[in-house]
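Subject: Structure handover

Hello,

Here is the structure you are taking over. Please open it before you read on.

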Amino acid sequence: MTPTPKPGILEVSLYVGGRAAVPGVAKVFKLSANESPIGPSPKAIQALHAAARDLELYPDGSTRQLREAIGEVHGLNPDRIVAGGEGSGPLLTMLANAYLQPGDEAIISRHAFLVYEIVTRANSAVPVMVPEKTTNRGIKVDVDAMLAAVSAKTRMVYIANPNNPTGSMLNREEMARLHAGLPQNVLLVIDAAYAEYVTAKDYEAGIELVARHDNVVMTRTFSKLYGLAGLRLGWVYAPPAICDVLNRIRGPFNTSSLQQPAGAAAVRDRDHFWKAVEHNNTWLPWITAEIRKTGLRVDDSVANFVLIHFPAEGEKTAAKADAFLSQNGIILRGVASYGLPNCLRMTVGTEEANRLAVKLISDFMAD
Ligand SMILES: Cc1ncc(COP(=O)(O)O)c(C=O)c1O
């Protein structure tokens, strides 16, 4: 007999991140992982260097300075924040570990972030994949279909808002309706990894819902707008009872003494924050409009990436576009694993990268 993992674990498909290199191509622009083209706040880097002097000491196990900085900036009680030192992904893992039992069901929209299915299966629970709807603006979570999927076995509902890779969002009213339709014992997990980019007035990242209810949490990350994907830092805002559960099961020192001051400096640097928002506000509409000029369908996005639809057959497929772009130094993200085999996802990059990507897509389509 060899050691056997829990049922479900071997059904997990390995998560494959966005490619970073193309063999034989010297200079590439990586627009495949929704990373920041602006990079991190210089103040965060300074804080990181300063903290490197004391690495012989254990960090503060409660991550207080970071939770206080987040609380200050977002107007939240730091006691209702739990930080995670490996990005926001492990916070999703901890939530699933704590609240899913074998045979329980977790409701996930069809084109949602892949980690929800992974953490569900890893707990021998059952992912219930719900189709999304296509509107004239793009592909979107179907609140009614999500609610119709609720059964006596449902324990969690995952929503990425905005969603990756579709770039669509649920507004305040839609999210409130989803929550209102769930039984009290179902935990609604709102993954707001891209919240910082959203400028829509009717968007609510989850703070109001978490503040008012015992069965909602909101996760956030420093990997996207804050430009700190390599630092691996995230946080969750949750009701006190859920924070208590997470604090019991997390590692005792689950954020490092480099992460804590760097994250605190990053969240306090509002000038840098607005610089990143402005960059996105300039280039997201430009990319969308320019690629549409080639005749391709590009869905409306509220995040820092766009979903581009290619013909299913012939000379202009997503796979052929991907090969052509890669050979010419632009790496986009194939999203077949998200159930979108005819699409590529493009992250908003630097001006140089955006212009080159758009030119290459036009050349590919014109050819
Ligand atoms: C919707 C969504 N949630 C969470 C994450 C994970 O981010 P982190 O780097 O914090 O683990 C990503 C990263 O791509 C994402 O797209």
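This is a predicted model: local features need pLDDT of at least 70, side-chain atom pairs count only at pLDDT 80 or more; totals for chains, interfaces and linings use all residues.

All values below are computed from it.

Ligand site

The ligand sits in the largest pocket. There are 13 residues around the ligand. S88, N164, D191, T221 and S223 come nearest. By class, this shell has six polar, four nonpolar and three charged residues.

In N164, a side-chain N or O atom is 2.7 Å from an oxygen atom of the ligand. In R232, a side-chain N or O atom is 2.8 Å from an oxygen atom of the ligand. How much of the ligand's accessible area does the protein cover? On its own, the ligand has 400 Å² of accessible area, and the protein covers 91% of that.

Cavity

Rolling a probe the size of a water molecule over the atoms shows where empty space is left. The structure holds one cavity of 30 Å³ or more. The volume of the largest cavity is about 30 Å³.

Which residues line the largest cavity? They are K140, V141, A160, N161, N163, S168, M169 and L170. By class, the lining of the largest cavity has four nonpolar residues, three polar and one charged.

Over to you.

Best wishes

Notes
Residues are numbered from 1 along each chain as its sequence is written. Side-chain values use heavy atoms; hydrogens and water are left out. A residue is near a molecule or strand if one of its heavy atoms lies within 4 Å of it. A polar contact is a pair of N or O atoms within 3.5 Å; within protein, one must be able to donate a hydrogen and the other to accept it, and residues adjacent in sequence count only if both atoms are side-chain atoms. Accessible areas come from the Shrake-Rupley method with a 1.4 Å probe; for residues, only the protein chains shown count as cover. On a 1 Å grid over the protein atoms alone, a cavity is a set of points where a 1.4 Å probe fits but cannot get out, and a pocket is an open set with protein on both sides within 12 Å along at least five of seven lines; lining residues have an atom within 4 Å of a point. A molecule sits in a cavity or pocket if more than half of its atoms lie within 2 Å of its grid points. Ala, Val, Leu, Ile, Met, Phe, Trp, Tyr, Cys and Pro count as nonpolar, Asp, Glu, Lys and Arg as charged, and the others, Gly among them, as polar. Grid points are joined across faces, edges and corners, and a volume is the space filled by probe spheres set on the points.
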